[in-house]
Every structure is written in C-alpha cells, then in structure tokens.
Amino acid sequence: MQLSPRGLAVSELAVEVFRANGALIAAGDDLARPAGLTSARWQVLGVIDHAPATVADIARTMGLRRQSVRQTADALAADGLAYFTDNPRHRRARLLDPTPAGRRALAEVERAHAVWADALAARLAPSQIEAATAALRALTAALRPEGTR
C-alpha cells in the first residue's frame with residue numbers, strides 16, 4: 001500500500017526526529033563525558049536535582065520506560081552519584097536523590113550545556129526554534145493514546 005502525501009510527510013518527519021534524537025544523544029554524551037556521565041545519567045540527575053523522585057515518576061517526566069530509568073538509577077547509585085531513600089508516600093517505591101558528587105557532576109554538565117546551547121541557537125533563527133518546539137509538542141500530543149491527551 002502506498003502512503004498518502006500526508007502519510008509520507010509524517011514518515012519523513014519521523015525519520016528526521018530519529019536523526020535529531022541520535023544527534024542530540026551524541027551531543028549530550030559529548031557534553032556529559034567530562035563529568036563522568038552519559039546523556040541518560042545527565043537526564044535523570046536533571047529530573048531529581050530539584051526534588052527526589054521515584055523511578056516511575058522520573059520515567060513519566062522523561063517519557064521513557066520505567067525499566068530503562070531503573071537501570072540508569074541503579075548505575076547512578078552504584079557510582080555514588082545518587083542514592084535511594086525511603087518514600088513516606090509509598091513503602092516500596094523509593095525516592096532517588098542526588099549525592100553531592102552527583103550535583104557537582106550535573107553542575108559541570110549544565111555549564112557545558114549552556115555554552116553548547118547558545119552556540120547552537122546562534123545557528124538557528126528564533127522563529128525556527130519556536131516552530132520546531134511547537135511542532136514537536138503537537139507531534140508528542142498526537143502520539144499519546146486517546147483519552148490521555
């Protein structure tokens with residue numbers, strides 16, 4: 001079966017999103033590596049930097065599967081960058097909180113990220129950034145199952 005013009009456009013959009021995702025993960029890994037982190041570890045630390053959270057809450061915030069966040073959280077804890085603490089709201093769902101070493105690593109990556117983001121922003125028109133952000137938000141909303149939008 002042949003794609004309609006709109007179906008083809010959506011397929012092309014998906015390919016570009018996959019390419020952008022790969023490029024962003026590679027850039028994130030490059031930014032995070034000097035601090036001893038990966039993109040995934042940086043993202044998880046960024047979520048818990050403001051308040052401890054359960055693995056399930058982190059996964060929902062990041063739009064990821066709980067199991068992949070669990071692996072990253074366990075690795076952060078094993079490396080002394082985060083720790084699990086009791087959750088007063090739920091006996092089994094423990095909270096993940098950054099250690100001082102985790103906060104230092106996150107701060108190092110955030111400084112590098114600020115320089116990188118400004119350099120990338122200089123290569124794009126503000127209207128392109130705004131349009132891309134709006135389009136990705138609309139795509140994400142359209143991909144959510146009915147009733148969860």
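This is a predicted model: local features need pLDDT of at least 70, side-chain atom pairs count only at pLDDT 80 or more; totals for chains, interfaces and linings use all residues.

Guide: One begins with the secondary structure elements: helices (H or I, at least four residues) and strands (E, at least two) are DSSP runs, numbered from the N terminus. In this case, Arg66 has its place in helix H4. Residues are numbered from 1 along each chain as its sequence is written, and side-chain values use heavy atoms, with hydrogens and water left out.

Visitor: How many helices and strands does the chain have, and in what order do the elements run?

Guide: The chain has six helices and three strands. Read from the N terminus, its elements follow the pattern α-α-β-α-α-β-β-α-α. The C-alpha atoms fill a box of roughly 50 × 40 × 25 Å along the principal axes.

Visitor: What do burial and contacts look like for the whole chain?

Guide: Of the 149 residues of the chain, 23% count as buried. Among contacts between residues at least 6 apart in sequence, 48% join residues at least 24 apart.

Visitor: How are the strands arranged in the sheet?

Guide: The general idea is that two strands pair if DSSP finds at least two bridges between them. Here three strands form an open sheet in the order S1-S3-S2, with antiparallel pairing. S1 and S2 stand at the edges, each with a single partner strand, so one side of each has no neighbour in the sheet. Helix H2 packs on the sheet and touches S1, S2 and S3; its direction makes about 105° with that of S3. For that angle, axes are lines fitted to C-alpha atoms, for helices over the stretch in contact, and angles run from 0 to 180 degrees between N-to-C directions.

Visitor: How many bridges join each pair of strands?

Guide: Two bridges join S1 (residues 53-54) to S3 (residues 90-98), and Ala53 stands opposite Leu96 in S3. S2 and S3 pair over five bridges, and they form a hairpin with two residues between them. In that pairing, Thr85 stands opposite Leu95, and Asn87 stands opposite His90.

Visitor: What are the surroundings of Asn87?

Guide: Asn87 lies in strand S2 (residues 82-87) and is buried, because its relative accessible area is 12%. Not counting residues up to four places away in sequence, Asn87 touches Thr54, Ala93, Arg94 and Leu95. A polar contact is a pair of N or O atoms within 3.5 Å; within protein, one must be able to donate a hydrogen and the other to accept it, and residues adjacent in sequence count only if both atoms are side-chain atoms. The side chain of Asn87 reaches the backbone oxygen of Ala93 at 2.9 Å.

Visitor: Which residues of the largest nonpolar core touch the most other members?

Guide: In soluble globular proteins, nonpolar side chains tend to be buried together. A nonpolar core is a set of buried Ala, Val, Leu, Ile, Met, Phe, Trp, Tyr and Cys residues joined through side-chain atoms within 4.5 Å. The largest one here has 22 residues, of which Leu37, Trp42, Val44, Ile48, Ile58, Leu76 and Leu96 touch the most other members. Helices H1 (5-32), H2 (39-48), H3 (55-62), H4 (66-78) and H5 (100-121) are the elements that give two or more residues to this core. Beyond four places in sequence, the residues that Leu37 touches include Trp42, Leu76 and Val109.

Visitor: Where is Thr99 found, and is it buried or exposed?

Guide: Thr99 is found in the loop between S3 and H5. Thr99 is buried, with a relative accessible area of 14%. Not counting residues up to four places away in sequence, Thr99 touches Gly80, Leu81, Ala82 and Tyr83.

Note on methods. Buried means under 20% relative accessible area, exposed over 50%, partly exposed in between (1.4 Å probe, protein chains only). Contact means heavy atoms within 4.5 Å.
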